Amino acid sequence: MAEVALLDVGKSYGAVEAVRGLSLSVAHGEFVVLLGPTGAGKTTTLRLIAGLERPDQGHVVIQGRDVTREVPAERDVAFVFQQYSLYPHLTVYDNLAFPLRSPARRVDEKTIRRRVQQISELLHIEHKLGNRATALSGGEMQRVAIGRALVREPSVYLMDEPLSSLDAKLRAELRLELKRIQRELGTTILYVTHDQIEAMTMADRIGVMSEGALIQLGTPREIYERPNSAYVAGRLGTPVINLIPARLLGGPVPPQVETVGLRTEHIRISTADGPGPRAQVHWVEHLGDQNHVHLKLATHSLVTLADPVQPLKAGDQVSLEFESPLYFDQAGRRISADGLRGHA
Amino acid sequence: MSTPITAHSVAEPSSRSKLIASFLVVTYAVITILPLLWIFLTGFKTPPDSIAYPPKVLFEPSVEGYVNLFTTRSRQTPEFLATLPPPQTWYERLVRSRNMVIGGPSKVVPRFVNSMVIGFGSTFLAVCFGTIAAYAFSRFRVPLADDLLFFILSTRMMPPIAVAIPIYLMFRHLGLTDTKLGMILLYTAVNVSLAVWLLKGFMDEIPREYEEAAMVDGYTRLQAFFKVVLPQATTGIAATAIFCLIFAWNEYAFAVLLTSGDAQTMPPFIPFIIGEGGQDWPAVAAATTIFFIPILCFTILLRRHLLRGITFGAVRK
């Protein structure tokens with residue numbers, strides 16, 4: 001059964017359409033990540049589910065109940081904000097206990113203590129319970145913020161870029177921890193991010209959003225390997241997929257193909273003469289474990305990865321070979337290798 | 001000869017500029033405190049000492065000013081005084097030595113109570129209304145919000161006394177002249193605009209996420225306001241309360257115009273003291289000293305908040 005479902009939801013702020021015609025359902029125990037750039041409508045989607053915004057059209061359904069007209073407190077969801085999530089005038093313990101002390105819930109203090117203890121151990125912050133919320137490091141603060149959502153057992157957790165204000169190391173650490181907790185507790189999470197690594201590593205399914213609409217929804221593999229458009233293809237993978245006009249590459253391509261999408265694994269570079277198009281090495285970035293190679297193919301630039309042991313340097317002439325690249329038509333929709341449009 | 005190399009932070013002022021700064025602060029403090037100190041000392045002088053020229057810095061302290069402040073007296077002939085039974089208390093003796101007898105307590109206590117009731121009452125109301133209005137302006141899409149805010153501010157664009165006549169007529173019509181309620185309403189009305197503007201700035205500084213988190217966690221907006229917004233607005237509320245109280249406490253013009261008896265506050269009352277039996281400056285000084293105490297206490301109580309609040313939220317927590 002779907003834990004949360006959005007049915008053709010739309011929301012505008014004045015002339016700006018923040019979310020349009022959005023339908024999405026999240027199953028029980030599922031981890032769904034909404035991925036997209038700033039202004040794609042991800043946060044608005046979460047706020048609509050939480051009840052912090054009223055949709056102009058459509059319905060929000062939580063556990064089979066239409067909650068579109070309900071206030072946030074009645075909806076039984078938990079929200080983790082990007083920042084400002086802890087109350088500075090309360091201790092860590094009181095912050096964690098805050099949702100349980102809501103007049104709508106009436107949990108006795110003994111249960112609260114047990115629950116807070118449990119969650120603080122899960123998040124490794126039990127030694128900080130007496131601290132003021134402002135006397136924590138960034139990582140600890142975000143742990144407490146997540147903990148404040150976890151003390152309750154809501155039908156769904158809504159997380160709005162909870163890790164984005166942390167440094168890279170902490171982010172990686174908490175990413176793993178969050179996924180572990182989600183597996184252990186079997187919770188349903190709808191998670192918003194613009195970080196593709198978070199999306200790829202944590203999600204059961206990823207929804208890619210752009211300008212208020214859901215462009216594609218699928219497992220991380222599906223989204224990565226079979227994007228339905230050049231836009232989706234560009235959201236995942238580092239370095240970013242290279243979009244090259246088909247005519248530059250020559251060779252056989254399905255009909256109506258306008259653009260060819262080349263990820264680094266689709267490109268093979270050889271210094272020997274090959275049948276493929278020839279390109280010039282523009283420069284090489286050494287990252288230690290790998291090299292980013294910038295190539296000039298006629299007037300177009302390409303970026304790909306190369307083995308550090310491969311002796312490439314600026315000015316070298318190389319020949320390129322392509323292996324099952326992605327094809328896109330004029331409108332940016334993907335055409336599968338057998339020429340069928342929209343076959344994802 | 002080598003110059004010693006010292007680690008010198010750019011942000012840290014040098015000891016010389018610190019010295020200059022402390023000198024300026026001390027000078028300013030002395031200049032502002034001196035008149036207050038003079039008033040305080042005058043309260044303990046005898047009437048002749050208080051008007052002595054050159055002014056007396058050293059004098060024999062006396063509580064005559066305070067006795068005169070709290071009593072009404074009448075001058076009597078020595079013959080009449082001789083017929084009276086001997087004075088029972090120290091202050092009766094003091095008054096008798098000036099050839100006077102105590103008629104009864106003066107009006108200073110009820111006037112002081114009036115000041116307290118009207119000052120704190122109007123401050124409380126202005127801060128309450130101001131907080132609620134500022135929250136609304138800060139959080140909700142109020143129609144014509146900018147115009148309304150301008151309109152609210154426009155009530156401060158002239159001296160309040162400029163509208164004295166219409167207010168006097170209104171008060172007379174409504175039967176509010178010389179009532180505490182009338183004065184509380186008037187001072188609240190004047191202070192609300194200040195409170196709304198000051199507090200809106202503080203409310204804007206409190207991220208909405210706090211209330212939103214509380215609302216998702218099962219609180220209503222009102223509960224979230226009390227549990228989450230108010231505790232974080234204490235700085236602003238304290239600063240606003242002090243400004244409001246200072247205005248209401250010191251207001252003179254309306255108090256003279258609209259009160260004469262039951263609701264009279266200290267500012268119009270203090271000048272009356274001079275009229276009773278010559279130029280009784282020690283009694284005036286005593287009244288001023290007592291008048292000063294509540295504001296001093298209130299400010300000291302809220303000082304911790306005020307010091308942060310006076311920067312108008314410029315410093316992020």
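**Notes on the predicted two-chain model**

1. Let's start with chain B: of its contacts with a separation of 6 or more, 76% are between residues 24 or more positions apart. Contact here means C-beta atoms, placed from the backbone, within 7 Å. Bear in mind that this is a predicted model, where local features need pLDDT of at least 70, side-chain atom pairs count only at pLDDT 80 or more, and totals for chains, interfaces and linings use all residues. Residues are numbered from 1 along each chain as its sequence is written, and chains are lettered from A and ligands numbered from 1 in the order in which they are written.

2. Chain B has 15 helices and 2 strands; these are DSSP runs numbered from the N terminus, with helices being H or I of at least four residues and strands E of at least two. Its radius of gyration is 26 Å, well over the 20 Å from the globule rule for 317 residues, so chain B is more spread out than a compact globule. That radius is taken over C-alpha atoms, and the rule is 2.2 Å times the number of residues to the power 0.38. Along the principal axes, the C-alpha atoms of chain B fill a box of roughly 85 × 85 × 40 Å.

3. Now the inside. The largest nonpolar core has 135 residues, and Val33(A), Phe79(A) and Leu158(A) are among those with the most contacts inside it. Helix α11 (residues 221–250) of chain B gives the largest share of this core, 14 residues. A core is a set of buried Ala, Val, Leu, Ile, Met, Phe, Trp, Tyr and Cys residues joined through C-beta atoms within 7 Å; buried means 20 or more other C-beta atoms within 10 Å of a residue's own, again placed from the backbone. Leaving aside neighbours within four places in sequence, Val33(A) touches residues including Tyr191(A), Met202(A) and Ile206(A).

4. At the interface, 19 residues of chain A are in contact with 16 residues of chain B. Strand β6 (residues 77–80) of chain A supplies the largest share of the chain A side, 3 residues. The predictor gives the complex an ipTM of 0.79 and a pTM of 0.79.

5. Finally, confidence: pLDDT, the predictor's per-residue confidence from 0 to 100, averages 87 in chain B, with 91% of residues reaching 70 or more. Residues 309–317 of chain B stay under 50. Where pLDDT is low, the predicted coordinates should not be read in detail.

Notes
Buried ≥ 20, exposed ≤ 12 C-beta atoms within 10 Å, placed from the backbone. Contact = placed C-beta atoms within 7 Å.
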